[in-house]
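Visitor: Please show me the model, then let me ask about it.

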Amino acid sequence: MSAGAPPQLSEEDLLVPATRPTLGKRLGSMTRTYASAVVLTLGLLVAWELTVRLAHIPEYLLPSPTQILGDFKTDWVILWPAMWVTLREVLIGFVIATAAGIGLAVLLHLSGPLRRALYPLLIGSQTIPIVVLAPILVILLGYGILPKLVIVALICFFPIVVNGLDGLRAVDDDFIQMMYTLDATRWGIFRRVEFPGALPSFFSGMRIAATFAAIGAVFGEWSGSNAGLGYVMLEATPNLLTARIFAAILMLTVISLALFGLVSLLERIAVPWAPKRESA
Amino acid sequence: MPAELSSNGNGPHGASADDGVGIQLRGIGKRFGEIVALRGIDFEIQRHSRIGIVGPSGGGKSTLLHIVAGLMEPDTGEVTVEGATAAGDRLARCALMPQRDLLLPWRTALDNATIALENRGISRSEARNRTRPLFARFGLAMFEDVRPAQLSGGMRQRVSFLRTLVADKDVLLLDEPFGALDSITRAQMQEWLLRALGEEPRTVLLVTHDVEEALLLSKVVVVLSARPGRVVRELTADFPTDAPRREIVTSPKFVALKEQALEAIG
């Protein structure tokens, strides 16, 4: 029989239009998505400003938003170079954590004995307070960038490993049996089913890690350094330059948000097939 | 199917003729702890014939398929798939198509269908070139580059079936392949499947709980009992594959067979 008579294909066979929404529409939906967050933030800032002004709270106790803004102008020469130092620590540390996290998750997934041996140690390692560990690392590794990278990486790699490992292990058994009947090797199953299937989980871990990275860098700088936003804060505290501390915190927040956004962007590029999730 | 597809000796073109025993089961028994899933299953089908297995849910039908496929060994009895008895050799001869289409969501329809070739170490572009012609032949032209999420259930099952054809195994094990589809799509898919198998003969073992589907698609229908699954009836169906479906299902012979099967299921 000639299969030149293909079954009639209709519009219904395609469930979703293949076209993407236009830029205008996407901007519109973004505005709607973030409108409530913007309104809330502005409201809080106004309340903060009014409280400080009406209660006559001294600047060294709690600076108002406008005083913090003013500090950016006077302290820009201090804050700007400090931000670059911290940004570098955050980015490099995060990349190290991601590489190590993915590598370790894959290793633990592929080897049962290794997983059983290392997993409890991995969990245990997270109970060591980084605040205690940081000064020791500085003694060991000096005042340079190295101890900061180690601390950032130590904080960041854990959520990546745990999420990634969960993702790798969550792959449906039916897929694996299907692959075996299609002549797959263990490696083929990992490469074609498990790893791509676990990518969204790896990205979840990376997004959590992105919010930790800046904290790690500040811990590192507090334990011994002569540059970076953490160092700026440390120096400002005994001098009661509270506005400068807040300005530095704001810059840290910007770094964290930017890293989070970068990871989300990468996820969209690497995992375009993933079901759309409500953005946080 | 293009000749290049039959590069491995296990394929339909590697064997010489459409005769000989396709699948043979002798006294197959399987238990899971206290539960006896299968007991003393015997049947045999010719190469490139089609056998349907019907029975109540939980009667061990899927277990039987996994045993034939070599994904599992029976506790008692022996399975022979085209002469092969060892689990690994059976696995090399069988392709399993489950109820869920199990398409990989990150791969396009074409790249899902090529996966068996890629698993054998054939480059992706080469695998695509070999598989692309099949899409046109089996009514999937223009759907090559579409991701599964954008396809309807019926189309996904077609891609899934195409994937097992590309694997070029002589034995197809279909586990409720259309169980998740609505009845209209299901009827279309049954016709489509018969047409595809007319072009690409395979030894087919079809598991279903739909007696009508089993009678329409198979030459022999085996009725399994509730747990423990035993063969309680064997019926010869063998209806013409090119006759209109309505004519077949209303024929006295079909009605009588359906009656017998339903009675055997109880």
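Guide: A residue is buried if 20 or more other C-beta atoms lie within 10 Å of its own, exposed if 12 or fewer, and partly exposed in between, with C-beta atoms placed from the backbone. This is a predicted model: local features need pLDDT of at least 70, side-chain atom pairs count only at pLDDT 80 or more, and totals for chains, interfaces and linings use all residues. Residues are numbered from 1 along each chain as its sequence is written, and chains are lettered from A, ligands numbered from 1, in the order in which they are written.

Visitor: What share of chain B is buried?

Guide: Chain B has 266 residues. Of these, the buried ones make up 48%.

Visitor: Is A117(A) buried or exposed?

Guide: A117(A) lies in helix α3 (residues 112–125) of chain A. Helices are DSSP runs of H or I, at least four residues, and strands are runs of E, at least two, numbered from the N terminus. A117(A) has 11 other C-beta atoms within 10 Å, so A117(A) is exposed.

Visitor: How many residues of chain A are in contact with chain B?

Guide: Contact means C-beta atoms, placed from the backbone, within 7 Å. Chain B brings 33 residues to the interface. On the side of chain A, the count is 25 residues.

Visitor: Which element gives the most to the side of chain B that touches chain A?

Guide: Elements giving two or more residues there are β5 (94–97), α4 (115–119) and α7 (183–199) of chain B. The top contribution is five residues, and it comes from α7(B).

Conventions. Two residues are in contact if their C-beta atoms, placed from the backbone, lie within 7 Å.
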